[in-house]
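Subject: Structure handover

Hi,

Here is the structure for you to pick up. My notes follow below it.

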Amino acid sequence: KDIIYLTDSVTFWKFKPSSKINPDPNQKIWKFHSLYRINSRGFRGDEFDAKKSGQTFRIFAIGDSITFGLLVAEDKTYYKLLEQKLKQALPLLNVEVISAGVPGYTSYQGRQLFKSELLAYSPDVVIIYFGGNNEFAKSAYTDRQYAEYIRETPLENWSHKSLTIGLLANVAQKIRAPAIDPDENSNPDQNKVRGAAEWIGLARP
């Protein structure tokens with residue numbers, strides 16, 4: 001099968017640029033549209049210039065599969081409908097509403113994408129929509145822990161996987177009795193506040 005996603009050390013995965021995702025035509029659920037277009041910058045939809053022109057008003061929609069428009073034809077996605085409305089209301093501006101939605105993304109991944117890539121495109125407005133994946137995509141690692149894990153050296157990685165070293169580390173940790181640092185899984189309400197604060201911090205000059 002064709003490669004759709006690329007691994008990424010910052011966001012964990014991203015779309016392969018300049019690709020077309022062609023769903024299985026034999027499945028009835030896909031019949032109303034034939035493919036998803038991924039542009040050369042790795043986002044669904046039309047191409048756009050990295051540098052804005054003076055008359056361009058650029059909006060990025062960041063989110064998960066809902067923002068991406070999974071099972072939705074491109075011209076029916078909410079960001080395309082918003083773009084049409086704004087172009088009618090602001091005819092003197094070149095309004096761009098660009099989807100930066102990626103299926104499966106959490107708010108942590110969205111923040112990382114915004115910091116590492118989207119800021120360079122000088123957005124005027126950013127729409128943020130996350131929720132479901134934060135609540136339901138729980139695993140043995142939180143996003144923050146996984147980000148640290150994949151940045152480890154092979155030796156560090158091996159040491160964490162080693163049963164003997166792991167047992168010794170657990171004993172040492174209990175002896176030290178460190179303060180508990182709540183994460184995404186242990187205290188979801190506190191994590192939501194923390195995540196919102198980080199978004200606000202990114203928006204400030």
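Glu-74 counts as buried because its relative accessibility is 14%. Buried here means under 20% relative accessible area, exposed means over 50%, and partly exposed lies in between (1.4 Å probe, protein chains only). Glu-74 sits in the loop between H1 and H2. Helices (H or I, at least four residues) and strands (E, at least two) are DSSP runs, numbered from the N terminus.

Two points on the source. This is a predicted model, where local features need pLDDT of at least 70, side-chain atom pairs count only at pLDDT 80 or more, and totals for chains, interfaces and linings use all residues. Residues are numbered from 1 along each chain as its sequence is written, and side-chain values use heavy atoms, with hydrogens and water left out.

Back to Glu-74. Its side chain makes a polar contact with the side chain of Arg-37, at 2.6 Å. A polar contact is a pair of N or O atoms within 3.5 Å; within protein, one must be able to donate a hydrogen and the other to accept it, and residues adjacent in sequence count only if both atoms are side-chain atoms. Leaving out residues up to four places away in sequence, Glu-74 touches Arg-37, Arg-44, Gly-45, Asp-46, Tyr-79 and Lys-80. Contact means heavy atoms within 4.5 Å.

Arg-37 also comes up with Ile-21. Their C-alpha atoms are separated by 6.6 Å, with the two residues 16 apart along the chain. Ile-21 belongs to strand S3 (residues 19–21). At 13% relative accessibility, Ile-21 counts as buried.

Helix H2

Which residues of H2 are buried? They are Tyr-79, Lys-80 and Glu-83. They cover an arc of only 100° around the axis, so they lie on the same side of H2. The arc is that of the directions from the helix axis to the C-beta atoms. An α-helix has 3.6 residues a turn, so residues three or four places apart point the same way. The buried residues of H2 pack against S5, helix H1 (65–68) and S6. On the other side of H2, Lys-85, Gln-88 and Ala-89 are exposed.

The length of H2 checks out. Its 12 residues, at 1.5 Å a residue, should span 16 Å, and its end C-alpha atoms are 16 Å apart, which agrees. The expected span is 1.5 Å times one less than the number of residues.

The three-stranded sheet

An open sheet of three strands runs in the order S6-S5-S7, with parallel pairing. Strands S6 (94–101) and S7 (125–129) stand at the edges, each with a single partner strand, so one side of each has no neighbour in the sheet. Neighbouring strands of this sheet are turned by 15° against each other on average, direction ignored. Strands pair if DSSP finds at least two bridges between them.

S5 (residues 56–63) and S6 pair in the parallel sense over eight bridges. Ile-59 has Val-97 in S6 as its bridge partner. Ala-61 is bridged to Ser-99 of S6. Helix H2 (residues 78–89) packs on this sheet and touches S5, S6 and S7; its direction makes about 170° with that of S6. Axes are lines fitted to C-alpha atoms, for helices over the stretch in contact, and angles run from 0 to 180 degrees between N-to-C directions. Seven of the eight residues of S6 are buried, so S6 is largely enclosed by the rest of the structure.

Other elements

S1 (residues 5–8) and S2 (residues 12–15) run antiparallel, joined by four bridges. A hairpin of three residues connects S1 to S2. Tyr-5 has Phe-15 in S2 as its bridge partner.

Helix H3 (residues 107–116) is mostly covered, with eight of its 10 residues buried. Among them are Tyr-108, Leu-113 and Phe-114.

Most residues other than glycine have a negative phi. Ser-18 has a positive phi, near 55°. Ser-18 is in the loop between S2 and S3, and at 55% relative accessibility it counts as exposed. Ser-122 also has a positive phi, about 55°. Ser-122 is in the loop between H3 and S7, and at 38% relative accessibility it counts as partly exposed.

Whole chain

The protein chain has eight helices and seven strands. Buried residues make up 35% of its 205 residues. Among contacts between residues at least 6 apart in sequence, 65% join residues at least 24 apart.

Best wishes
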